[in-house]
Amino acid sequence: MTTCTDPPLIFVIEDEDALRRDIVEELQDAGYRAMEAANGEAALEFLTGAKPDLVLCDISMPGLDGYGVLETLREMPPELATTPFVFLTALSEPHKVVEGKLLGADDYLVKPVDYDLMLATIAARLRQVERIREHHHDELSALRCALAGLSGKGAEQALNLVALGVVLLDGSGRLLYANSAAYDLAAAADWIRIQSKSVIPLDQGSGRAFRRALSETLEAAKAGDDKVVGIQLPSVTGEGALSSLACALPVQEDDPPDAPALALFLAAPDRRSRAPETLLMDLFGLTPTEARVAGALANGARTVDVAEELDVSQTTIAFHMRNLFQKTGTNRQADLVALILAGPMMIKYEGLT
């Protein structure tokens, strides 16, 4: 992505040479940086070494078409997978717009291109991304401030009131603290074991992914960066997966060696209380339906179950999921569920409506 001093970089993928050149010139005249590719295969080669702020892509191209580019992009690392994607389509292809939306396209422009509308669409999408990033950053900053200074019995007693298991690790990955809910999860002998210096998944198959997630999060904390990783830990007794969220607590130069560098939140499938939908709406800016979808997912439901519960199609659920990813700054269901659990579902809600 761009630095704070660079203008946004727009990637134009269009097989019509004259149109592609015109779009690039319009973008540059408007103050944007632009890169271009004449087909889908060339576009993917460029994406291995570039991180555009927005992709503007034709749907109908020889070889790899726009759908293929979009599907591949959404499977890439998060810094590319969440890039806004705008399709270019002809007036005679409305069905292609629907198909593109279902695949995760953010918007579309109709050919012949209205350049004023194109620039307005790009500006709106970039503003939306910036709002999401700021919201996500504010959430993580608040969480980091709340946890980074934990010390003393008062803080420990407060964390023992939290419904989630909470584990704090230092910059070397050593265990600093685990609350009572975390020890309860370990005592269940289904998902994890808490030793004097570490947390160990009981399912061997997920151990490597768990360790890698903790390592990446700790490296981000040491570099002073934010990072959140969701991990699902299967049960060894078939009781469902333990949802976990590793959250970096960026280390400052004056922090003591035993300062928390990582917070790990843990929630078992049969112990999740369902957060009030009004709270989800306030925290993440969700619509009532999006809040119902998010709450159901955090409660362990599958997307097909959510569709049945709401009496809607899975296509409709796919639209809601896309909006949830955008509004929460996530791009995977595991990360979405973990963020919901770590935010509004941290405190027990008995008696709240």
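This is a predicted model: local features need pLDDT of at least 70, side-chain atom pairs count only at pLDDT 80 or more; totals for chains, interfaces and linings use all residues.

Reply: Of the 353 residues, 47% count as buried.

Me: What is the mean pLDDT of the chain, and where does pLDDT stay under 50?

Reply: The mean is 80, and 77% of the residues reach 70 or more. Residues 344-353 stay under 50. For that stretch the model has 30 contacts beyond four places in sequence.

Me: How do you know that the length of helix H1 agrees with its residue count?

Reply: H1 covers residues 17-29, which makes 13 residues. The expected span is 1.5 Å times one less than the number of residues. For H1 that gives 18 Å, and the end C-alpha atoms are 18 Å apart, so the two agree.

Me: Why are the buried residues of H1 said to line one face?

Reply: The buried residues are Leu-19, Arg-20, Ile-23, Val-24 and Leu-27. Seen down the helix axis, they fall within an arc of 135°, so they line one face of H1. After H1 comes Gly-31, with a positive phi near 100°.

Me: Why is Leu-119 called partly exposed?

Reply: Buried means under 20% relative accessible area, and exposed means over 50%. Leu-119 has 21%, so it is partly exposed. Leu-119 sits in helix H6, residues 115-148. Beyond its neighbours within four places in sequence, it is in contact with Glu-26, Leu-27, Ala-30 and Tyr-32. The C-alpha atoms of Leu-119 and Ile-23 are separated by 9.9 Å, although 96 residues apart along the chain.

Me: What makes the bond between Lys-111 and Pro-112 stand out, and where does Pro-112 lie?

Reply: The peptide bond joining Lys-111 and Pro-112 is cis, with omega about -5°. Pro-112 lies in the loop between strand E5 (107-111) and H6.

Me: Why does Thr-82 count as partly exposed?

Reply: Its relative accessibility is 36%, so Thr-82 falls between the 20% and 50% limits. Thr-82 is in the loop between helix H4 (78-81) and strand E4 (85-90). Leaving out residues up to four places away in sequence, Thr-82 touches Arg-74 and Asn-331.

Me: Which residues touch the most other members of the largest nonpolar core?

Reply: They are Val-167, Ile-192, Ile-194, Leu-242 and Leu-264, in a core of 28 residues. Elements that give two or more residues to this core include strand E6 (165-169), helix H9 (204-222) and strand E12 (262-267). H9 gives the largest share, six residues. Among the residues that Val-167 touches, beyond four places in sequence, are Leu-175, Tyr-177, Ala-182 and Leu-264. Another core, of 22 residues, lies apart from it and includes Phe-11, Leu-70, Leu-73 and Ala-105.

Me: What makes the phi of Ala-189 worth a remark, and why is Ala-189 called partly exposed?

Reply: Its phi is positive, about 60°, although Ala-189 is not a glycine. Ala-189 is in the loop between H8 and E8. Its relative accessibility is 43%, so Ala-189 counts as partly exposed.

Me: How do you know that the buried residues of helix H12 are on the same side?

Reply: In H12, residues 303-310, Val-306, Ala-307 and Leu-310 are buried. They cover an arc of only 100° around the axis, so they are on the same side of H12. Their cover includes helix H11 (288-298) and helix H13 (314-328).

Me: How do you know that the span of H13 agrees with its residue count?

Reply: At 1.5 Å a residue, its 15 residues should span 21 Å. The end C-alpha atoms of H13 are 21 Å apart, so the values agree. Its buried residues include Ile-317, His-320, Leu-324 and Phe-325. Gly-329 follows H13, with a positive phi near 70°.

Note on methods
Residues are numbered from 1 along each chain as its sequence is written. Side-chain values use heavy atoms; hydrogens and water are left out. Helices (H or I, at least four residues) and strands (E, at least two) are DSSP runs, numbered from the N terminus. Buried means under 20% relative accessible area, exposed over 50%, partly exposed in between (1.4 Å probe, protein chains only). The arc is that of the directions from the helix axis to the C-beta atoms. A nonpolar core is a set of buried Ala, Val, Leu, Ile, Met, Phe, Trp, Tyr and Cys residues joined through side-chain atoms within 4.5 Å. Contact means heavy atoms within 4.5 Å. pLDDT is the predictor's confidence in each residue, from 0 to 100.
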